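This report covers salt bridges, strand pairing and nonpolar cores in one protein model. The sequence and structure come first.

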Amino acid sequence: MLEFSLEQFWKTVVTSLAIFLAVVGVVRINGLRTFSKMASFDFAVTVAVGSLLASIALTPSNLLSGIVALGTIVAAQRVVSILRRRFRFERLVDNTPVLLMADGAVIEEQMSRTRVTPADLRAKLREANVLDPSDVRAVVLETTGDISVLHGERLAPSLLDGVEGADRLQ
């Protein structure tokens with residue numbers, strides 16, 4: 001029903017402000033990486049934090065538990081980030097980037113395997129201001145799910161280190 005007391009209203013306002021301040025504090029301590037999309041686990045953290053914030057705002061009695069959960073999620077993200085950098089842990093938590101297009105030619109089997117449609121690819125080419133697909137050197141489905149379009153005269157091979165199918169480029 002639509003029952004809502006003045007007490008509930010103020011609890012929700014105070015809880016929402018408190019969790020907002022907690023998020024600002026966590027981002028200031030942990031840095032902008034907290035809500036980046038540099039790796040697939042970063043996206044998972046962003047979704048988890050959003051869900052957690054909504055849950056806390058709607059259940060003011062759980063404010064302290066919510067702040068602890070927020071801190072735990074962000075601390076776990078930091079630990080995974082450190083492990084990725086120092087111990088090559090990315091193989092366990094990251095997807096492998098995949099080449100979808102090489103030297104203007106679409107790689108159909110990669111498109112099919114990664115479930116990227118021709119319409120998705122065309123949209124990304126337009127976003128990258130591609131006027132002619134034959135000018136495209138490479139299109140990569142990144143570990144985050146983003147699609148990168150590389151075009152121009154020369155492509156440094158190091159940009160494709162770790163990209164599945166990069167050997168297809170001439």
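## Terms and basis

A salt bridge here is a side-chain nitrogen of Lys or Arg within 4 Å of a carboxyl oxygen of Asp or Glu. The model is predicted, so local features need pLDDT of at least 70 and side-chain atom pairs count only at pLDDT 80 or more, while totals for chains, interfaces and linings use all residues. Residues are numbered from 1 along each chain as its sequence is written, and side-chain values use heavy atoms, with hydrogens and water left out.

## Salt bridges

The structure holds five salt bridges. One of them joins the side chains of Glu 109 and Arg 168, at 2.6 Å from N to O. Glu 109 belongs to helix H5 (residues 108–114) and Arg 168 to the segment after S4, so this pair ties together parts 59 residues apart in sequence. Helices (H or I, at least four residues) and strands (E, at least two) are DSSP runs, numbered from the N terminus. Glu 109 is partly exposed at 44% relative accessibility, and Arg 168 is partly exposed at 42%. Buried means under 20% relative accessible area, exposed over 50%, and partly exposed in between (1.4 Å probe, protein chains only).

Arg 137 and Asp 103 also meet through their side chains in a salt bridge, at 2.1 Å from N to O. Arg 137 is in strand S3 and Asp 103 in the loop between S1 and S2, 34 residues apart. Lys 124 and Glu 127 are separated by about one helical turn because they are three residues apart in H6.

## Strand pairing

Two strands pair if DSSP finds at least two bridges between them. S3 and S4 run antiparallel and are joined by five bridges; Val 136 has His 151 in S4 as its bridge partner. S1 and S3 are also antiparallel, with four bridges, and Met 101 is partnered by Val 139 in S3.

S1 forms a hairpin with S2, with two residues between them, and Asp 103 in the turn has a positive phi of about 50°.

## Nonpolar cores

A nonpolar core is a set of buried Ala, Val, Leu, Ile, Met, Phe, Trp, Tyr and Cys residues joined through side-chain atoms within 4.5 Å. The largest has 13 residues, and those with the most contacts inside it are Leu 100, Leu 125, Val 136 and Val 139. Strands S1, S3 and S4 and helix H6 each give two or more residues to this core. Apart from it lies another core of eleven residues, including Val 27 and Ile 56.
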